[in-house]
Amino acid sequence: MKIMLPADSKMHSKAFTFGVATASFQIEGAVASRLPCIWDTFCAIPEKIRDGSDGEQACEHVKLWREDVDLIESLGVDAYRLSISWPRVINKDGSLNPQGVKFYTDLLDELNQRGIKTFVTLYHWDLPQHIEDNGGWLNRETAYLFADYADKITQAFGDRVYSYATFNEPFCSSYLGYEIGVHAPGLAKKAYGRQSAHYLLLAHGLAMKVLQKNSPNSLNGIVLNFTPCYSATDSAADVEAASKADQYFNQWYIKPLFDRCYPEIIYDFAVEDVPIIEDGDFDIIAQPIDFLGINFYTRAVYEADAVNGFSQVDMVDKPKTDIGWEIYPQAFTDLLTSLNALYPLPPIYITENGAAMDDKLVNGKVDDQDRVEYYNGHLNAVNNAIEQGVNVVGYFAWSLMDNFEWAEGYLKRFGIVYVDYQTQQRTLKASAYEYRDFISARK
């Protein structure tokens with residue numbers, strides 16, 4: 001199996017950015033050299049993580065980062081997307097932690113020296129626990145603390161960063177973390193989900209102002225995840241159900257950025273579930289962005305539900321990844337073209353796309369042809385969207401290496417590089433070689 005795009009694809013150009021991505025808590029380890037975060041606390045709660053694991057060791061990236069940069073360079077990628085651990089770089093009193101800052105500046109300097117563009121995400125879910133203790137994303141003040149963190153760390157990084165994203169997937173932080181409780185901090189209330197989403201978006205807007213002031217030459221934006229919603233049948237009720245689900249899970253996070261309001265589904269909410277929104281909040285949220293990061297993995301199918309308005313249908317007979325997500329590349333094209341029709345989008349980077357597969361290391365090799373097939377299908381889906389006028393300018397494979405997969409612990413492997421967690425040995429999978437060959441063939 002090879003990754004093959006049409007001969008005239010714009011993605012064959014070296015002007016198109018290809019990269020790999022990771023996140024701090026998932027790979028870094030070295031918990032002793034940072035403050036505790038909400039995921040440390042969540043991992044310590046029995047049965048929250050499927051294999052009972054935590055991020056204490058992860059991929060020991062803080063220790064092995066030089067080897068990991070060698071690995072990234074060996075893949076021939078143009079760019080590396082990483083996230084900064086807020087609790088590693090900011091002390092409890094709000095001052096910078098010099099040791100934590102040095103880890104990242106050394107890493108950024110090395111990547112830059114090798115000609116690898118650095119795409120930095122300021123928040124990939126690891127909120128300092130002491131801030132959560134004061135209300136976390138249910139406290140409006142956290143948005144201002146985030147802007148202060150963004151201010152200090154961007155000044156410390158200077159001109160080392162090619163691109164900043166304020167947040168990765170606010171949907172996951174708010175819905176999974178505060179509304180249904182399957183992610184840290186593990187709270188479960190509809191009102192909490194909607195309010196935390198609002199304060200996350202407010203924090204994004206406040207931080208964008210800081211980024212454009214401190215780092216005007218970097219591409220500054222946000223990363224949103226989307227799971228396109230399809231109706232189970234063509235019935236009016238199911239079509240309406242899919243529309244409501246789309247508003248609730250997808251449009252909720254992007255519509256305020258461009259339209260300065262939440263989707264119409266907000267009018268269906270009970271009074272106690274409507275978030276507190278202050279005058280001027282939407283003007284702050286709707287700061288101009290230089291790029292939009294889009295993360296895509298799968299789609300969801302919905303039918304009408306008399307109680308909740310919509311309920312998801314399990315696509316029993318469809319091909320799925322090891323994490324149980326349907327493989328349906330057409331949804332990727334549909335997503336990109338529909339967003340492009342709805343909003344005045346800036347240039348788009350696909351900041352995450354990939355698959356968990358049941359990888360086996362056999363005789364020092366991982367022959368993950370299923371993942372190669374997934375990438376081939378989804379890169380072609382991106383190309384199809386580009387051909388239909390969507391301005392996609394880059395693509396990042398998720399992820400560089402196997403890592404701590406949140407509530408799944410270490411049970412699911414998304415990497416194009418296999419990690420033996422006992423020895424920390426990294427092994428390039430067949431997908432890594434194929435991705436490398438595909439990238440290196442560009443003109």
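This is a predicted model: local features need pLDDT of at least 70, side-chain atom pairs count only at pLDDT 80 or more; totals for chains, interfaces and linings use all residues.

Q: How many cavities of 30 Å³ or more does the count come to?

A: The count comes to four.

Q: Which residues line the largest cavity?

A: A lining is read from the residues that have an atom within 4 Å of a cavity point. For the largest cavity these are Ile38, Trp39, Tyr123, Trp125, Trp137, Cys172, Ser173, Tyr178, His183 and Ala184. Two elements, helix 2 (38-43) and helix 8 (170-179), each give two or more residues to this lining. Helix 8 gives the most, with three residues.

Q: What classes of residue does the lining of the largest cavity have?

A: Eight of its residues are nonpolar and two are polar, while no charged residues are present.

Q: Which residues touch the most other members of the largest nonpolar core?

A: A core is read by following buried nonpolar side chains from one to the next. In the largest one, which has 133 residues, Val20, Trp39, Trp137, Phe146 and Tyr395 touch the most other members. Helix 9 (residues 190-214) gives the most to this core, with 11 residues. Another core lies apart from it and has 17 residues, including Ala21, Ala23, Phe119 and Val223.

Q: Is Thr142 buried or exposed?

A: The cut-off for buried is under 20% relative accessible area. Thr142 has 1% relative accessibility, so it counts as buried. Thr142 is found in helix 7 (residues 141-157). Leaving aside neighbours within four places in sequence, Thr142 is in contact with Trp86, Leu127, Ile131, Gly136 and Trp137.

Q: Where is Ser85 placed, and is Ser85 buried or exposed?

A: Ser85 sits in the loop between strand 2 (79-83) and helix 4 (86-89). Ser85 counts as buried because its relative accessibility is 1%. Not counting residues up to four places away in sequence, Ser85 touches Ser24, Glu28, Arg34, Tyr104 and Asp126.

Q: What should the 19 residues of helix 13 span?

A: The expected span of a helix is 1.5 Å times one less than its number of residues. Helix 13 (residues 369-387) should therefore span 27 Å, and its end C-alpha atoms are 27 Å apart, which agrees.

Q: Which residue takes a positive phi just after helix 13?

A: That residue is Gly389, with a phi of about 100°.

Notes
Residues are numbered from 1 along each chain as its sequence is written. Side-chain values use heavy atoms; hydrogens and water are left out. On a 1 Å grid over the protein atoms alone, a cavity is a set of points where a 1.4 Å probe fits but cannot get out, and a pocket is an open set with protein on both sides within 12 Å along at least five of seven lines; lining residues have an atom within 4 Å of a point. Grid points are joined across faces, edges and corners, and a volume is the space filled by probe spheres set on the points. Helices (H or I, at least four residues) and strands (E, at least two) are DSSP runs, numbered from the N terminus. Ala, Val, Leu, Ile, Met, Phe, Trp, Tyr, Cys and Pro count as nonpolar, Asp, Glu, Lys and Arg as charged, and the others, Gly among them, as polar. A nonpolar core is a set of buried Ala, Val, Leu, Ile, Met, Phe, Trp, Tyr and Cys residues joined through side-chain atoms within 4.5 Å. Buried means under 20% relative accessible area, exposed over 50%, partly exposed in between (1.4 Å probe, protein chains only). Contact means heavy atoms within 4.5 Å.
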